[in-house]
Amino acid sequence: MNYFDTSLEELHQKLVSKEMTVTELVKDTLDQIESDQKELNAYVTVDRDGALAQAKAIDEKGINADNLWAGIPVAVKDNIVTKDLKTTAASKMLENFTPIYDANVVEKLKANDVVIIGKTNMDEFAMGGSTETSFFGATKNPWDHTKVPGGSSGGSATTVSAGEVLASLGSDTGGSIRQPASFTGIVGVKPTYGRVSRYGLIAFGSSLDQIGPLTRSVRDNAALLNIIAGKDDRDMTSSDQPVDNFAAKIGQDLTGMKVALPKEYLGEGIDADVKKSVLDAAEIFKKLGATVDEVSLPHSKYGVAAYYIIGSSEASSNLQRFDGIRYGYRAEDVKSLEDVYVKTRSEGFGDEVKRRIMLGTYSLSAGFFDAYFKKAAQVRTLLINDFKEIFKEHDFIIGPTAPTPAFKLGAETADPTTMYMNDILTIPLNLAGLPAMSLPAGFSDGMPIGLQIIAKPFDEETMYQAGSAFEDATDFHKEVPGQGGQN
Amino acid sequence: MSENKQISASDVEHVAGLAKLKFNDQDLNKFTDQFGDILDLVNTLNEVDTDGVEPTFSVTDQINTMREDVAVNAHQKEELLKNAPDTENGFIRVPAIIDESEEG
């Protein structure tokens, strides 16, 4: 089966009315995933036994008619730990690592009877924008199998885009949910920093990382964020801002709302078709009753530089724990403790992870801290102030998610700095901690283009309101990839 | 390629040492080139006047969340040790810390 011709509500009704059991749904889902896996490689681990056991338990106790997600299979990115289910972060370092606890978001999925179907492929330790740095091989874009799905949450995006599941969880440190959502024609949300607990997310850049949902529709996305958001005492940065209903404003019209369109987001390096899609989107928002003003984010062009210092510095610190002692890979034929550290890390990490560790170590090292880490943190303040200025007058911001549609597999792997520039439009929101969504807004040569909608901190309700209004007014989200990646 | 760059192979080796990484000669040259490119990118920050600007290290709205200082025993020793590469009698085993091949 695939999920193209069905909706969350429809499946829920079938499960409630017992027209279909959870076990049947999960079996069909697993069969489809396993038949696609060799070609798409969206998963590191497909958990057939675990998912069927969970399905059986839910069938036995019955479906809660008030819980839309009860019995629905969802995929989880492989840097989110799952008790007794291998979690690798797509690294040789954790190739055989089996966590002994569930991440907060996984606890919440299970408590809501959501079936964890498997663990999705990603760039190693979430470092990359194409899912090509995975130790387990690249994931392919369902729209064209010669192209990347984006990254780092490429597996989570591909499995939803290919219709294998209705929803997945990803993580976003610099665009890792939104950019793959854009490349694969689905909806991806990075919530406000602190909205979702990071407890059990394998840390990359701790001041930037957020877990969020990838779905086929804006409504499903809000419904999944409702489940996973909220204060958790085990992540001291998780916010105690109340979580009501992120879908509360969906359906309310946009009359009188003020939309900002930053001129830097349509400047140099932005593909012509991408630019056109965003300008068309601005016209649609006007038709929906909003006003659209050109604004400026003068420091946004420094976002990538600030991000690579801050994110890499935090990563170099977070990844010190991978030392070959307590868990994970340990190099063989080691004579001394120093040998254990150096050989383990040199053999266990891939090149991109090493580059980030190196840049971070350099930025934090004696004599360079002020010139790099502190400087980047100051630029971060200026960027945050740019956004504050815009939000004094505007309700939300629109722009492209990525400068281009999906590129060819292998096209950018040789040149790290070219790859880094893919995130130029998504990174500023991680630095500022703002909620942002990518949703389908056009096509270029048959490949999807994503529109980004950015809201004030903790104002996900407005982001979903704007996103669903746009979705209802357009047909881009109705397109699905063809068989065999022919679009 | 790297002559205009501000970092040498020996600088990269030094940083690798701090990060407990080691590169062979071929990888060292490749990394030095790439590291130079990355530094060129991040050095664009020098164009920004940040005099008197407070740095932002975190955007959380939570300040110093503390919990009770109470020890808990999760009774997970056996499970935790299953992930260790080498164990003996309930301990993690590592190679000798002191290099015994050298006197003194």
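Leaving out residues up to four places away in sequence, F204(A) touches F125(A), A126(A), M127(A), T173(A), D209(A), Y307(A), G311(A), E314(A), A315(A), N318(A) and R356(A), where contact means heavy atoms within 4.5 Å. This is a predicted model, in which local features need pLDDT of at least 70 and side-chain atom pairs count only at pLDDT 80 or more, while totals for chains, interfaces and linings use all residues. Residues are numbered from 1 along each chain as its sequence is written, chains are lettered from A and ligands numbered from 1 in the order in which they are written, and side-chain values use heavy atoms, with hydrogens and water left out.

F204(A) is found in the loop between strand 5 (187-190) and strand 6 (210-215) of chain A; helices (H or I, at least four residues) and strands (E, at least two) are DSSP runs, numbered from the N terminus. With a relative accessible area of 3%, F204(A) is buried. Buried here means under 20% relative accessible area, exposed means over 50%, and partly exposed lies in between (1.4 Å probe, protein chains only). F204(A) and L166(A) are 38 residues apart in sequence, and their C-alpha atoms are 27 Å apart in space.

For chain A, the unreviewed UniProt entry places the feature "domain: Amidase" at residues 24-462. UniProt positions are given in the numbering used here, feature names are shortened, and annotations may be inferred rather than shown by experiment. The span 24-462 of chain A is 37% helix and 15% strand, and its end C-alpha atoms lie 37 Å apart.

Beyond its neighbours up to four places away in sequence, L451(A) touches residues including V278(A), A281(A), F285(A), I398(A), M437(A) and F470(A).

Aromatic rings also meet one another. Rings of Phe, Tyr and Trp (its six-membered ring) pair if their centres lie within 6.5 Å; planes under 30 degrees apart count as stacked, over 60 as edge-to-face and the rest as tilted. By this rule there are 20 aromatic pairs over all chains. One of them, F285(A) with F396(A), is edge-to-face, at 5.4 Å centre to centre and 65° between the planes. This pair links distant parts of the chain, with F285(A) in helix 8 (residues 272-287) and F396(A) in strand 9 (residues 396-400) of chain A, 111 residues apart. Both F285(A) and F396(A) are buried. Elsewhere, ring pairs link F97(A), F125(A), F322(A), Y327(A) and F349(A) into a cluster.

Charged groups are also found over rings, a label given if NZ of Lys or CZ of Arg is within 6 Å of the ring centre and within 35 degrees of the ring normal. The charged end of R355(A) sits over the ring of F31(B), 5.9 Å from its centre. Within chain B, the charged end of K77(B) sits over the ring of F91(B), 5.9 Å from its centre.

Chain B comprises three helices and two strands, running α-α-α-β-β from the N terminus on. Of its 104 residues, 29% are buried. P55(B), in the loop between helix 2 (25-42) and helix 3 (77-82) of chain B, is partly exposed, with a relative accessible area of 24%. Neighbours within four places in sequence aside, P55(B) is in contact with K374(A), A377(A), Q378(A) and T381(A). P55(B) and E68(B) are 13 residues apart in sequence and 30 Å apart in space, C-alpha to C-alpha.

Finally, the backbone deserves a look. Most residues other than glycine have a negative phi, and most peptide bonds are trans. The peptide bond from G151(A) to S152(A) is cis, with omega near 10°, and S152(A) lies in the loop between strand 3 (115-120) and helix 5 (154-161) of chain A. T131(A), in the loop between strand 3 and helix 5 of chain A, has a positive phi, near 65°, and is buried, with a relative accessible area of 0%. D84(A) also has a positive phi near 65°, but at 57% relative accessibility it counts as exposed. D84(A) is found in the loop between strand 2 (73-77) and helix 4 (104-111) of chain A.
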